[in-house]
Amino acid sequence: MKLLVANNAAPFVRGGAELLADRLVLELQQAGHEVDLLRLPIGNTPDQILEGLVAASLLDAVNVDRVIGLKFPAYLIPHPDVVIWLVHQFRQAYDAPPVGWPKDPALDPLVSAVCAADRKAFAAAKRLYTISPMVAERLQRSNGLTAEVLMTPPHAEQAYRNEEAEDFVVALGRVSDGKRQVLAIQAMRHARPGYRLVVAGAPDSPQMLDVIKREIDSAGVGDRVELIPRFISEEEKLDLIARSIGSAYLPIDEDSYGYVVYEAAMSGKPTITATDSGGTLTLVDHGRTGLVSAPEPEALASAFDELALHRDRARAMGQNARTLALELDLSWDRVVEELTR
Amino acid sequence: MKVAMVMPMSPESAIADVMTQAVPDLSARWDLEVWCPTEPNYRPCPVPVRPYARADAEVLEELATYDLVVYVLGDSPWHSRILPLAQRLPGLVVLHDASLTNLVRQTAIETETFDDLVAQVTEELGEDRAEVLRTAVAPGGADAWLRFCADVPLMEVALEGSLGAVVHSWWHAERVDGLTLGHVTVAPLPVPSTRLGFDENQSSSAARLMERLPQDAVLLVTVGSVNTNRRIDLLLEAIADDTTLRARIHLWAVGPTEAKARSDLLSLARRLDLQDHFLVTGRVTDLLLQEILTRADIAAALRDPVLEGQSASVLTQLLSDTPVMVYNHAHYAELPDDVAVKVDPGTGSEGIRAALRRLVDNDSERARRGARGRDYVLASRSGSAYAAALISAGERALAAKPLVHLNTDLAARLHRLGLNEEQAVVDAVTDLTFDLFDLA
């Protein structure tokens, strides 16, 4: 088949969705399909977003057998054969503030247009998948539609390994407001002695890095928090996970199960996540594969302590996490089969 | 170029009269055929005339074979079998009236789309106006209905998707700006001919009118349907308020009159003790109209609200050497200042009184303005000049044809995602289209 994978494009932002799209293209090509990736720009302002919607709506996808749409507005591209693998909707139009936009005469027409276009596009799609149960649940809630969950496999095959835990909990991922590394640092003020927190990942901005540094200073945990504020290689990442007691991953309302959680699980390590972290709960079953804590420093500190001070229990949770991750059968073969059938 | 002009061809249609004046010149440039709704009789025409009974798919199919279709519309039932064609097959629309409310309403009823029309007006203008449209009754009577027609002209119904519009004043052009895909052309409306086909209805009593008029009377006339928007009531009040005017002026309202309007005006004249100086002639023959205009000293055209795109009757009056008094608004304001005496509509009967005194007291002023008016009409109005403007508009309409395809395509794409009803999206697409195709 001639397949057009359609994703959006926020200039100079490269995150999970971009990695997902790249890997999908690769997997589809390896399965014998002709594949092109089309990225439609989506701006930041309401006007730019509206223009993105218009551009997608007016586009002609010629010489294409099927469009595989991933994100708004790319899945609006007109074509008789569209399969949507929904990474997430344009949540500003659906969710309550602060993720969603507040009622505003300047924004309401755009919200109305987004919802109208989504309704038609979802209804016209040949099949509708989501990348996680969380996204499926949101779709059900906002649009009354049932989608099949087709969870995203990891972007790359990794040589996951498990080593004897050293004395740190690791917090991986882009350092940002949304990932709440700050919360993990605040928790360390309340944590019992005997272990550290390693925060590793590229900060979203210099301002974010300043925020993190100030938090470490003001919490007085400079001797217990190690900050590696840069992009870390896959090898470094796997090494940190392998040697950790467990992983702390505290995003707000994550769409997917979270690669960071998956990587920890595949390495036989438990994950501490928050009750409001969304999709991470797919792999973090409280007390079995990790711990789910209230998003508050004291509660998180208790969770850290439980893993750090009960290593056998942490080890068992890590093994359970790996078993669960394998049971999910996150294979690209299945994704390719579903998206091309 | 093969062109179909769809227009009424009734001998009594004034619009048919002015349009046929352009036909000889149009047929010299276009391979022209006139299509018209069937009538008992048709006016003579130098090109083939193809009457049709219904505005149906068969007619549309045949019209679609022409390079260009010109639709001639006015706010009367003569056009109710033309409007549905204009709505379905894009063409050049010649608009004689600045309000099509009556036509659109009537056509919607005949084509069983009235509920849709009312729903559209409800959505765009609110329930109160939709109710007036639905019942054709405006709180306040006939005058209020005329104002409603001015406020809710429904011209977009005729112009949506069209290739261009021809109007007869800059004022009207401004009112239709943005409603058509193509260009808006202002064409010089010719003066109606002296034969409008009313001879069959000649009233013998009307023929004796002239004999009863005192020789030294100053004859003031209004010409055309005696509606409340001719402000004949204000003319009467102005005359009654001035001893000189009361003594010298005889006011004749010349034209078709409904009984209620006639009765109201005669009552008012009696109250003002002007009954011997006021006459409602009813419909007159072409010949008698000419005689009246020849005798008339002053003509008044105080239309408010203004519902027509140009005043054919004022042109007729000007051609007859008669000085004309108009309100200084709408297309009347476009008449040269040395031709028409313009009255500020906000000044009421006092402004009218002052203008009348100026004309009554000064014979040479009347003569000068009368002569200037005739020169103006002779210089600017003719079937040939009108045809030249129509030909130019036709060329622009052909150039706008690709926009119809663009419009259809964009509409289909937006409709696919239900975005055709999302104003923010429609506005954004419109802005982009204007930028891309330099339409601003």
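Predicted model: local features only at pLDDT ≥ 70, side-chain atom pairs only at ≥ 80, totals over all residues.
**Chain A as a whole**

Chain A has 11 helices and 12 strands. Its radius of gyration is 21 Å, close to the 20 Å that the globule rule gives for 341 residues, so chain A is as compact as a globular protein of that length. The C-alpha trace spans about 60 × 45 × 35 Å along its principal axes. Of the 341 residues in chain A, 46% are buried. Among contacts in chain A with a separation of 6 or more, 68% are between residues 24 or more positions apart.

**The two domains of chain A**

Colour residues 2-150 and 168-327 of chain A separately; they are domain 1 and domain 2. The C-alpha centres of these two domains of chain A are 30 Å apart. Where they touch, 9 residues of domain 1 of chain A are in contact with 8 residues of domain 2 of chain A. On the domain 1 side, β4 (82-88) and α4 (133-143) of chain A each supply at least two residues. The largest share of that side, 3 residues, comes from α4(A). By residue type, the domain 1 side divides into 6 nonpolar, 3 polar and no charged.

**A sheet in chain A**

Next, select strands β7 to β12 of chain A. They form an open sheet of 6 strands in the order β9-β8-β7-β10-β11-β12, with parallel pairing. Strands of a sheet pair through backbone hydrogen bonds, either parallel or antiparallel. Which strands are at the edges of this sheet? They are β9 (225-228) and β12 (290-293) of chain A, each of which pairs on one side only. From one strand to the next, the twist averages 25°.

Zoom in on β11 (residues 271-274) of chain A, which runs parallel to β12(A) and is joined to it by 4 bridges. To see one of the bridge pairs, pick A:Thr271, whose partner in β12(A) is A:Gly290.

**A cis peptide in chain A**

Go to the loop between β3 (66-71) and β4 of chain A, where A:Pro73 lies. The peptide bond from A:Phe72 to A:Pro73 is cis, with omega near 0°. Most residues other than glycine have a negative phi, and most peptide bonds are trans.

**Where chain A meets chain B**

Now show both chains. Their contact takes 17 residues from chain A and 13 residues from chain B. On the chain A side, the elements that give two or more residues are α2 (46-58) and α3 (108-124) of chain A. How many residues come from α3(A)? It supplies 9 residues, the largest share of the chain A side. The chain A side divides into 12 nonpolar, 2 polar and 3 charged residues.

**The domains of chain B**

Domain 1 of chain B is made of 2-100 + 153-190 + 384-399, domain 2 of 199-380 and domain 3 of 401-440. The C-alpha centres of domain 1 of chain B and domain 3 of chain B lie 26 Å apart. Their contact takes 6 residues from domain 1 of chain B and 4 residues from domain 3 of chain B. The domain 1 side of this contact divides into 4 nonpolar, 2 polar and no charged residues.

**A buried alanine**

Select B:Ala165, in strand β6 (residues 164-167) of chain B. Is this residue buried or exposed? B:Ala165 is buried, because 28 other C-beta atoms lie within 10 Å, and 20 or more are enough to count as buried. Beyond its neighbours within four places in sequence, B:Ala165 is in contact with B:Val93, B:Leu95, B:Leu159, B:Val176, B:Thr180 and B:Val184. For a distance to check in the viewer, the C-alpha atoms of B:Ala165 and B:Val186 are separated by 8.6 Å, and the two residues are 21 residues apart along the chain.

**Backbone points in chain B**

- B:Ala136 lies in the loop between α6 (127-135) and α7 (142-151) of chain B. Its phi is near 60°, a positive value in a residue other than glycine. B:Ala136 counts as partly exposed, with 13 C-beta neighbours inside 10 Å.
- B:Leu154 is in the loop between α7 and α8 (155-159) of chain B. Its phi is also positive, near 55°. B:Leu154 is buried, with 21 other C-beta atoms within 10 Å.
- B:Pro305 is in the loop between β11 (298-301) and α16 (312-319) of chain B. A cis peptide bond joins B:Asp304 and B:Pro305, with omega about 0°.

Definitions and conventions:
Residues numbered from 1 in each chain as written. Chains lettered and ligands numbered in written order. Domains from an automatic or database assignment. Contact = placed C-beta atoms within 7 Å. Nonpolar A, V, L, I, M, F, W, Y, C, P; charged D, E, K, R; others polar. Buried ≥ 20, exposed ≤ 12 C-beta atoms within 10 Å, placed from the backbone. Rg over C-alpha atoms; globule rule 2.2 N^0.38 Å. Pairing = 2+ DSSP bridges. Axes fitted to C-alpha atoms, helices over the stretch in contact; angles between N-to-C directions.
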